Amino acid sequence: MDKGWMKVKNAAKYVDMGERTVREWLKQGLPFAKLRSGTVLIKRQWLDDYLSTFKTNDNEAERIVKEVMDSF
């Protein structure tokens with residue numbers, strides 16, 4: 001897979017999200033490069049790494065919910 005750079009529009013397509021969402025991620029800490037022209041570029045690896053920070057273990061979440069519900 002290409003490890004190159006993407007503009008916001010292509011980054012949004014890559015993760016199947018809207019451009020507005022990707023721009024919000026930029027504000028929240030997704031790394032990017034900004035050219036003198038104002039063009040924002042994002043490395044695929046940076047995007048993958050950023051999204052990996054939201055990784056969750058569904059089984060763990062289900063266990064916690066069950067634990068809480070059982071306590072009632």
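Lys34 stands opposite Val40, a residue of strand β3. This is a predicted model. The strands β2 and β3 pair in the antiparallel sense, over two bridges.

The sheet as a whole is open and has three strands, in the order β1-β3-β2, with antiparallel pairing. Its edges are β1 and β2, each of which pairs on one side only.

| Element | Residues |
|---|---|
| Strand β1 | 5–7 |
| Strand β2 | 33–34 |
| Strand β3 | 40–43 |
| Helix α3 | 44–52 |

Helix α3 lies across β1, β2 and β3, and runs at about 70° to β3.

Counted over the protein, there are four helices and three strands. Along the sequence they follow the pattern β-α-α-β-β-α-α. The radius of gyration is 17 Å, whereas the globule rule gives 11 Å for 72 residues; the protein is therefore more spread out than a compact globule. The C-alpha trace spans about 60 × 25 × 15 Å along its principal axes.

Of its 72 residues, 22% count as buried. Among contacts with a separation of 6 or more, 44% are between residues 24 or more positions apart.

Definitions and conventions: Residues numbered from 1 in each chain as written. Predicted model: local features only at pLDDT ≥ 70, side-chain atom pairs only at ≥ 80, totals over all residues. Heavy atoms only, no water. Pairing = 2+ DSSP bridges. Contact = heavy atoms within 4.5 Å. Axes fitted to C-alpha atoms, helices over the stretch in contact; angles between N-to-C directions. Rg over C-alpha atoms; globule rule 2.2 N^0.38 Å. Buried < 20%, exposed > 50% of the residue type's maximum accessible area, 1.4 Å probe, protein only.
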